Structures are given as structure tokens and as C-alpha cells.
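This report is for a reader who meets the structure for the first time. Please look over the sequence and the model before reading on.

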Amino acid sequence: MASTEQTAEPTVRLRKTNHTQDEAFKQHNGDVSDNITDLIKWQRHVEEVKAELLEDMNCHLRTLLDKAMTEAVESYTKDDETVPSGLKKRSRGSLTDRKKVFLHRASMLDELMEVDHFRTIYHMFVAALLVFVISTVAVDILDQGRLVLEFDLLFYTFGQFGTVIWSWICLFLYSLLVPYKVLSFWGSWYPKSKHKLLLSTCLGMFLLVSQTCVLCIFPIYVVNHYRLPPASSFIVLLEQVRFLMKIYSFCRETIPVVLQDESKEKNAKMPSLSLSSYLYFLFCPTLVYRDSYPRTPCIRWKYVAKNFAQVRYKMRQAIDGKNWLHTNQCHI
């Protein structure tokens, strides 16, 4: 009997411990499930708040855009009301009445440099270039004990520079003399001529053929025949496009003036065309021809020297970058 009582006591204890463990496990699972449900409820609440915030922001943005549009429309209508009727008719007139006006103002780069963020980005690029130069010089000194200056790639890309020079001179002389002389001759004879259409057609065909031969076929022939390297080819072709655009602007701004003056007056004369102004226009960084442009009263030589130094500095960066690539290729 004693043995059966002794064996019964541990079984009772085991049952009690198992019961307590089951209750603890159920309680733990219940807590976990409660936490999961709480998280799901919180996530749904956050999504609802997010949707409400987005709706409020959309409403505010719509109201702001509506206000901006109404203000812009009101200001536009006010400007139209304040403008005289004569100026309205002139703005809707021909292209000769709507000319671009050049104003004396700072360049776009100078205006951007006044912004703090743009100036910070510019200084970051300058610092990166300085680090690049220092690393290139250090690698050259540590590997070869001297500063390596190799201009083989530069000499190759700008090869046959003599061919580029004489071809550019031909393009420049044609662009300077032929269109100017043709328009001067046409402007002086057009008001007096009885066969205006014939005169205009003959001179227009002559100018078109000469333009096609000199500014379209000749540069391409030079590039293909002499096998110019990349940079030299770019110089010839880009100058070809630039002269074409300059001549087109010169004709477009001069011919309507002659036609307008001739329609107003019987004894109209060619407007004053100065070769010096046309020569300045060929080198001026603009594509709209004018007899004169607004200029500063004095030349800012410090500003010129600063920009020239930046150009020299960036050219040096390009050369150093080429040397760095060359040294790394040699190590590989």
C-alpha cells in the first residue's frame, strides 16, 4: 500500500503542473493575440488618419491653385485693360512690329550664383575637382617620382589644326562678305527696280546656291577628305551651323525692314547697314541681329580674368583626368 501511495503522489503533481502550464500557455497566447489585434487596429487607425491628412492637403492645394489662377487671370485682364488699343493692334500685327528687345541685365549664371544653394553646389564641384587634382599629382609622384604631363590625346583630337584654320577662314570670309553684299545690292535696287520679283528671285537663288556650296557641302567635304580627328571635325561642323544661323538671322531681320519701308514710301532707301555691326554680330553671343546692343559703360577686366582663369582651370582638370586614366590603365 505504501508503494502505491508513493507512486500516486508524483502523478498528481505532474497533472497539477501540466494544468498550470496549460493555463499559462493559454494566457500567453491570449496576450499575443490581443497584441496582434491591437496592432491591426492601430494600423487601421493610422491609415485612416493618413487618408484624412491627404484629403485635407488636396483640398488646401486645390484652393491655393484656384486662388493663384484667379489672381493670374485678373492681373492679365487688368494689363489688357491698361494697354492702349494702338499697342494691342501693334502686338497682333506682323513680325516686323514684334521685335525682341535687348535689355542691360546680368547673365543667367551671375543670377544663379546669388542663390545660396546653387553657390554651395558650385563650391562642392570645385572641391571635388581640387581633390581630383591632388590625388592625380600624388599618384604620379609616388609611382614615377615626377609629375607626368602627357598631351598625346590632346594633340590627336586637335590634329591637322592648319586645315581647320584655313577652312574656317573660308567660311568666315564668305559669311562676312557675300550675304552683306547681296543684301546691300538688293536693298539699294529693290525700291527703284521695275522687275522686283525677278530681281529678288535671281539674288535669292544666287544666295541659296552659294549657301549650299560653301556652308553645306564644303565643310563636310573637308571633314571627309582630310579625315579630321574628332575635336577638329567638331570645330568645322559647329562653325558651319553657327554661320548658317547667323546669316539666317541677318536676312530675317533686314529683309522685312526693306519691304516695310518700301511699302510706306516710294523713294525708300536701304536702311543703314554697317559692316562693323555685322562683323560684331558674327562674334557676339546672340542669334538676333541688331545694329547695336546694350553694353556696360566700362569693361570689367577682373570679371574677364576670373572667367578666363576658370576656363584654364577646367582645361587643366580635363588633362589631369586623362593622365589619371592613363596611369590606371598602365597599372592594370
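The model is predicted, so local features need pLDDT of at least 70 and side-chain atom pairs count only at pLDDT 80 or more, while totals for chains, interfaces and linings use all residues. Residues are numbered from 1 along each chain as its sequence is written, and side-chain values use heavy atoms, with hydrogens and water left out.

The table places the two residues, using helices that are DSSP runs of H or I with at least four residues, numbered from the N terminus.

| Residue | Helix | Relative accessible area |
|---|---|---|
| Ser175 | H6 (residues 161-189) | 0% |
| Ile235 | H8 (residues 230-264) | 29% |

Ser175 counts as buried because its relative accessibility is 0%, whereas Ile235, at 29%, is partly exposed; buried means under 20% relative accessible area, exposed over 50%, and partly exposed in between, with a 1.4 Å probe and protein chains only. Leaving aside neighbours within four places in sequence, Ser175 is in contact (heavy atoms within 4.5 Å) with Leu215, Phe243, Ile247, Tyr278 and Leu282. Ile235, not counting residues up to four places away in sequence, touches Phe158, Phe161 and Val164.

Helix H6 also meets helix H9 (residues 275-283), and their axes, which are lines fitted to C-alpha atoms over the stretch in contact with angles from 0 to 180 degrees between N-to-C directions, come within 11 Å and cross at roughly 140 degrees. On the H6 side the contact includes Trp168, Phe172 and Ser175, and on the H9 side Tyr278 and Leu282 are among the residues involved.
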